[in-house]
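Me: Could you walk me through this one while I have it open? I'll ask as I go.

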Amino acid sequence: MKLKLALVSLLASVPVFATTVYGTNTPQFIGSNITQTRAADSFTIGSSETITDVQFFASVFSGVLADNFSGSITYAFYNDAAGSLGSIVTSGTVNGLTGVSWGVCGAGQCSTIDFALNSALNLGAGTYWLEIHEGTSLSNNDGSAITWAGFNAVSGISLFSSSLETAPGTNSVSERSFSLFNNAASVPEPSSMLLIGGGLAGILLYKRRKNSPTR
């Protein structure tokens, strides 16, 4: 029984690492307002992928993120339609979020905001769009703006819309900083596997010595 408990404890202590499905550059400027306007950015994956989590860089035009962020994010994934938003794939709202301070991005301080999708999203190879909005719906405006930070890109674009009732459709001539992850496919790193192997070997050796007759 003690051996079983030791094995459970050892395995439970092994850290889990997400698989990165897509990731962009770190932000150079504080980006566009995603509380009082709408914004989306495209991403391309080369094979079928499962997405479970999103991380993006956020900031405010003045002050600190915690003073402006409501803690609610509404997201939407779209198919691509010749460089614009096509049909919607999935959407959802996540509440109770906080930002983690990251550092300076342009004239402001950036934070990362991480959230899990309401359900895992399976996508085939191709180009898609991600829209991120602060609030309990894509058209919600709580009056305290946060931004989706971004960076200058030679070839990439993102889209925005000044109306909360209209999906993003105007070229902003820049990119937004975000990453997509698959936590369902997470596996321990090689160093963690060595830790498991070493721990199991030690436990088994201890058990063998304990059960061996003394001389």
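Me: Before anything else, what should I keep in mind about the model and the numbering?
Reply: This is a predicted model, in which local features need pLDDT of at least 70 and side-chain atom pairs count only at pLDDT 80 or more, whereas totals for chains, interfaces and linings use all residues. Residues are numbered from 1 along each chain as its sequence is written, and side-chain values use heavy atoms, with hydrogens and water left out.

Me: OK, start with E5 and E9: how many bridges pair them?
Reply: Seven bridges pair E5 with strand E9 (residues 126-134) in the antiparallel sense; strands here are DSSP runs of E with at least two residues, helices are runs of H or I with at least four, both numbered from the N terminus, and two strands pair if DSSP finds at least two bridges between them. Within this pairing, Ala-76 has Glu-131 in E9 as its bridge partner.

Me: And what sheet do they belong to?
Reply: They belong to an open sheet of six strands, ordered E6-E5-E9-E3-E11-E12, with antiparallel pairing. E6 and strand E12 (170-171) stand at the edges with a single partner strand each, so one side of each has no neighbour in the sheet.

Me: What does E5 do on the E6 side?
Reply: Strand E5 (residues 73-81) runs antiparallel to strand E6 (residues 84-94), and eight bridges join them. Ala-81 has Ser-84 in E6 as its bridge partner, and the two strands form a hairpin with two residues between them, where Ala-82 in the turn has a positive phi of about 55°.

Me: Back to Glu-131, which side chain does it meet in a salt bridge?
Reply: Its side chain meets that of Arg-38 at 2.6 Å, N to O, where a salt bridge is a side-chain nitrogen of Lys or Arg within 4 Å of a carboxyl oxygen of Asp or Glu. Because Glu-131 lies in strand E9 and Arg-38 in strand E3 (residues 38-45), the pair ties together parts that are 93 residues apart in sequence. A search of the whole structure finds one salt bridge.

Me: Are those two buried or exposed?
Reply: Glu-131 counts as buried at 0% relative accessibility, and Arg-38 counts as buried at 8%; buried means under 20% relative accessible area, exposed over 50% and partly exposed in between, with a 1.4 Å probe and protein chains only.

Me: Switching topic, where is Leu-65 found, and what is it in contact with?
Reply: Leu-65 is found in helix H2 (residues 65-68) and, at 9% relative accessibility, counts as buried. Leaving aside neighbours within four places in sequence, its contacts (heavy atoms within 4.5 Å) include Ala-58, Gly-99 and Ile-146. Leu-65 and Gly-99 are 34 residues apart in sequence and 7.2 Å apart in space, C-alpha to C-alpha.
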